[in-house]
Amino acid sequence: MTPIQPPRTKAAGAKIVRYNGVVKRYGDFTALDGVTLEVHAGEVVCLIGPSGSGKSTLLRCTNGLESLDGGDIEFEGARLARDERGLRVMRQRMGMVFQSFELFPHLTARQNVAEGPRTVLGMTAVEANRRANALLDKVGLADKGDSYPSALSGGQQQRVAIARALAMNPDVMLFDEPTSALDPETIGEVLGVMKKLADEGMTMVVVTHEMSFARRVGDWVAVFDAGRVVEQGPPAQIFDAPATERTRDFLSHLGWSG
Amino acid sequence: MTLDWAVVWQHRDALVAGARTTVLLAVATMAIALPCGAIVAVLRLYAGEPVRTLATAYVEFFRNLPLILVVYWAFYVLPILTGLGLSPFATGLAALALNVTAYNAETFRAGINSIRRGQTEAAMALGMSRVQALRRIVIPQALRRILPVLASTWVSLFKDTSLVSVIAVTELAYVSMQIRAQTFRVLEMLTAMAVIYWFLGYPQAKLVDWIQRRYAVTE
Amino acid sequence: MDFDFAVIADHAHFLAYGVGVTLALSALSGLTSLVTGFVVALLRLYGPRWLRPAVILYIDSMRAIPVLVVLVWAFFALPIVTGLTMPPFAAALIGLTIHLAAYAAEIVRAGIESVRPGQTRAALALGMSRQQILRRIILPQAIVRMLPALGSLLSITIKDTAIASVIAVPELMRQSETVAGQSFQPIEVYTFAMLVYFLLLFPVTRGVDLFYRRVAHLGRS
């Protein structure tokens, strides 16, 4: 039975990212086997699925950290650049948040957030710091500006990492399992910041295992398995009435019971 | 067996001069080997072929040779290669510099490689170029790991300067052994030589310990 | 500028003898310094309190004094002190052992100290004695962890045997000097010596690398 395609609430927005038959191989292993997906302006698209199904790989292809072996990716209407120069320009319009935070340990929280604007956008220290302070305040860490990453908890570090990505004023935020490396107590504070961003209308692509987040905050969910999107749709459909066997398997495996 | 320790005091000027030459050799060698080692490391990491392989070959070659052999070889080959008549000091310096550059190159390379790939990726995700990422993110962190190893290399270098005595460079070891030959005071001079090296080297070894404690990296 | 490498062939036996002495001296001093270093490390870690400063002084002194100085002292000065004459090979063996054992001791100590304290606690909880713990739990892991550094020390040992040429030990360096002096072809002879040393040392470092990679998991806790 072919699933009825429910209306996509934010489809009217511009297509920020388009994945067309994206293929990525590592030697003999095919990580992405023809992924087609769209991300519209203001949407929160959640990528879920078992480990190794290609979700993170797709994200890393989006900002050119990995190269494609087939298909293409469009960003804001233009094909993803192939050369470093072009990629660099596109990356400035994308923000990425890593599972391992990857804060720069030799810089304070404020310096971490200000690093992009200073080095890449050429802002003065004063301007960059002003922006950094505003963003640290936004993620609830106004008083931690002078702290080094080693003095911060995992949740705090990840929030700084989000602020750092936001400092570049990106058009889309890419989250690669942002809470997977966090203690359960701190997951909430990070998801809270992400929800706030979503409410403000930020376009987000989120690889996550936090199903309740995907259910509540996501506008569109794509289920991955073995390098393919086996099902995609609004959260209500995916979680409450999954159309494919694979999705049902995956969700039950996680103990998801709505 | 009568010992005459006064001999040491009588020749203190020569010994001090020898010690000074030792220090000068070590400092001059590092002054050359630090920038050269950095260059070779960068070539190994980022250059294209065949430069990369040549740089690796250079490093592997000099790390797998006894320094004393390099000193002798330099003494006989360098005049022919360069066409210049180099002084023993210059020859010794060249041999030491070739050797320490190779070790430094390995130290720099390992230090840079020890920084997680994720750091470079995070920097590039912000829109930095590879060069910017290297300069602002990787190298500042790598320096912390590199410094203790460089300190250790320095201490080894200081001791290795004694090897250029075989080509009659008038550093501490050569001077000491010359005095021994002249005065026949074998035990006194050789012991004095060991003691002087001890006084010069011991504080340096302790300083290295301090540096390694202070810059200890815990993941 | 032409080279005549026939000089190598002419003195093949002589040079081969040198290689043999190099190998023998390397192997022997490697062994003696390892054993001595092991004992010194254990003394430092588990021996009587009053001995510790002396051991530390010995180890740090060897970090300050060049090998050349130790070898020369062992050959020329030690006989004066002990009243015994020694052949060069023996003096070299003693000198190298004294110098290298200090480094070996540090490697052993670092290896032992790097084994997590939780391992000792777990073994104690099982009712093992301190001695048993050291022998059956700590040392096996520690030895695996020491391998890379010990391999590097072996490489240094082989290189240091070349310095024994200064006290007339007929190892490869010394033999090369002799041939170079007699034949007036230093470039060919020393280039040959370089090749031999490289072929000797390169596999040692690579071999230790590979061996370590195979057994590394045994030392991880």
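Trainee: How many positive and negative side chains does chain A have, and how far apart are the centres of the two sets?
Mentor: Chain A carries 29 positive and 32 negative ones, with the two centres 4 Å apart. Keep in mind that this is a predicted model.

Trainee: OK, and what about the charges in chain B?
Mentor: There you get 19 positive and 11 negative side chains, and the centres of those sets lie 9 Å apart.

Trainee: Back to chain A. What is its secondary structure?
Mentor: Chain A has nine helices and 10 strands. Its radius of gyration is 18 Å, close to the 18 Å that the globule rule gives for 258 residues, so chain A is as compact as a globular protein of that length.

Trainee: How much of chain A is buried?
Mentor: Buried residues account for 54% of its 258 residues.

Trainee: What share of chain B is buried, then?
Mentor: Of its 219 residues, 50% count as buried. Its accessible surface is about 10000 Å², with 66% belonging to carbon and sulfur atoms.

Trainee: Switching topic: which chains share the most contacts?
Mentor: Chains B and C do, out of the two pairs of chains in contact. Chains A and C have no contact joining them, and their closest C-alpha atoms lie 22 Å apart.

Trainee: I was looking at helix H4 of chain C. Where is its kink centred?
Mentor: On Ala74(C), and the bend is about 40° in that helix, which covers residues 67-82. Ala74(C) is also one of the buried residues of H4(C), and others among them are Val67(C), Leu71(C), Phe75(C) and Pro79(C).

Trainee: What do those buried residues pack against?
Mentor: Helices from two chains. From chain B there are H8 (172-183) and H9 (186-214), and from chain C itself there are H3 (52-64), H5 (88-113) and H7 (130-161).

Trainee: Which residue takes a positive phi just after H4(C)?
Mentor: That's Gly83(C), with a phi of about 80°.

Trainee: Last one: how many of the contacts in chain B link residues 24 or more positions apart?
Mentor: Counting contacts in chain B with a separation of 6 or more, 78% are between residues 24 or more positions apart. In chain A, 66% of the contacts between residues at least 6 apart in sequence join residues at least 24 apart.

Conventions. Residues numbered from 1 in each chain as written. Chains lettered and ligands numbered in written order. Predicted model: local features only at pLDDT ≥ 70, side-chain atom pairs only at ≥ 80, totals over all residues. Heavy atoms only, no water. Helix = DSSP H or I, 4+ residues; strand = E, 2+ residues; numbered from the N terminus. Rg over C-alpha atoms; globule rule 2.2 N^0.38 Å. Buried < 20%, exposed > 50% of the residue type's maximum accessible area, 1.4 Å probe, protein only. Contact = heavy atoms within 4.5 Å. Lys, Arg positive; Asp, Glu negative; His and termini not counted. Charge placed at Lys NZ, Arg CZ, Asp CG, Glu CD. Bend = angle between axes of the 7 residues up to and from the residue. Areas by Shrake-Rupley, 256 points an atom, 1.4 Å probe, with all protein chains shown as cover.
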